[in-house]
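Open the model in a viewer and keep the selection tool at hand. The stops below say what to select next and what is there.

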Amino acid sequence: MIRPTLVLLCGLLCDERMWAPVRLALSPELDARIIAFAGFRTIEAMAAAVLAQVPGPLVVIGHSMGGRVALELVRQSGPRVVGLGLANTGIHPPAPEEAARRQELVDRARSDGMEALADAWLPPMMGAPGNRVAQLMPGLRAMVAANARESYEGQIAALLARPDAEAPLRGYKAPLLLLAAEQDRWSPPAQHEAMRDIAPQGELHVLADAGHMLPVERPEAVAQVIGDWLRRHWPEI
């Protein structure tokens with residue numbers, strides 16, 4: 001059997017820095033890739049790029065927007081995704097007010113720059129204790145500010161035109177890991193419970209003292225959950 005590659009997919013405005021602490025805490029022997037999506041304008045193109053970059057069977061774990069990409073990978077590739085992880089994400093279509101809410105932040109980026117966007121966008125995403133948030137914020141702010149405004153607008157367009165995510169999840173029968181954070185107000189645990197209802201084989205973990213940026217807020221705990229899940233299903237990894 002061909003050894004699967006672990007692929008960690010980044011979310012909106014995020015790059016390798018979101019998953020790097022988790023990757024560092026996982027076994028160094030893992031065949032793992034971190035993929036971000038600067039410059040893309042559709043979820044479909046993001047998924048196609050992953051399939052083109054990484055050959056063979058995949059264990060895909062997507063954070064936030066990356067979860068949407070992971071489910072589109074399932075739709076596009078079928079059996080190549082032998083394991084699926086969804087962290088701080090959901091499968092619902094855009095809500096009626098979502099475009100206006102996102103446009104407010106786009107307007108902030110246009111008028112005041114990406115640093116101002118980071119200052120407005122990041123704090124509500126966090127759920128860790130205050131001292132941990134203070135420790136993380138400079139790096140997260142730098143990560144967001146490193147994005148070109150045009151790339152950010154492209155990712156927003158991709159999210160607002162996101163493809164149906166429920167059907168790929170409903171049809172998925174391979175191992176499924178669901179990761180949520182108690183203090184995540186953007187993708188709360190209830191969204192992950194709803195996904196488990198659709199795919200009952202899903203293994204749900206809700207971690208305390210973290211918000212939407214769970215992989216950097218509690219990387220050791222996330223790595224422990226992922227590592228245990230991998231060892232149970234793919235000991236060859």
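Two strands pair if DSSP finds at least two bridges between them. Helices (H or I, at least four residues) and strands (E, at least two) are DSSP runs, numbered from the N terminus. This is a predicted model, in which local features need pLDDT of at least 70 and side-chain atom pairs count only at pLDDT 80 or more, while totals for chains, interfaces and linings use all residues. Residues are numbered from 1 along each chain as its sequence is written, and side-chain values use heavy atoms, with hydrogens and water left out.

Start with the strands: six of them form an open sheet with parallel pairing, in the order 2-1-3-4-5-6. Select residues 32-35 and 203-207 to see the edge strands, strand 2 and strand 6, each of which pairs on one side only. On average, neighbouring strands of this sheet are turned by 15 degrees against each other, direction ignored.

Next, select residues 5-9 and 58-63. These are strand 1 and strand 3, which run parallel and are joined by five bridges. Thr-5 has Leu-58 of strand 3 as its bridge partner.

**Helices on the sheet**

Contact here means heavy atoms within 4.5 Å.

**Two helices together**

How do helix 4 and helix 7 pack? Select residues 98-112 and 149-160: their axes are 11 Å apart, at an angle of about 175 degrees. Helix 4 is therefore roughly antiparallel to helix 7 (angles under 35 degrees count as roughly parallel, over 145 as roughly antiparallel, 65 to 115 as roughly perpendicular and the rest as oblique). Among the residues in contact are Leu-105 and Val-106 of helix 4 and Tyr-152 and Ile-156 of helix 7.

**Aromatic pairs**

Rings of Phe, Tyr and Trp (its six-membered ring) pair if their centres lie within 6.5 Å; planes under 30 degrees apart count as stacked, over 60 as edge-to-face and the rest as tilted. The count comes to two aromatic pairs. Select Phe-37 and Phe-40, an edge-to-face pair at 5.9 Å centre to centre with 80 degrees between the planes. Finish with Trp-229 and Trp-234, also edge-to-face, at 5.0 Å and 80 degrees.

Notes. Axes are lines fitted to C-alpha atoms, for helices over the stretch in contact, and angles run from 0 to 180 degrees between N-to-C directions.
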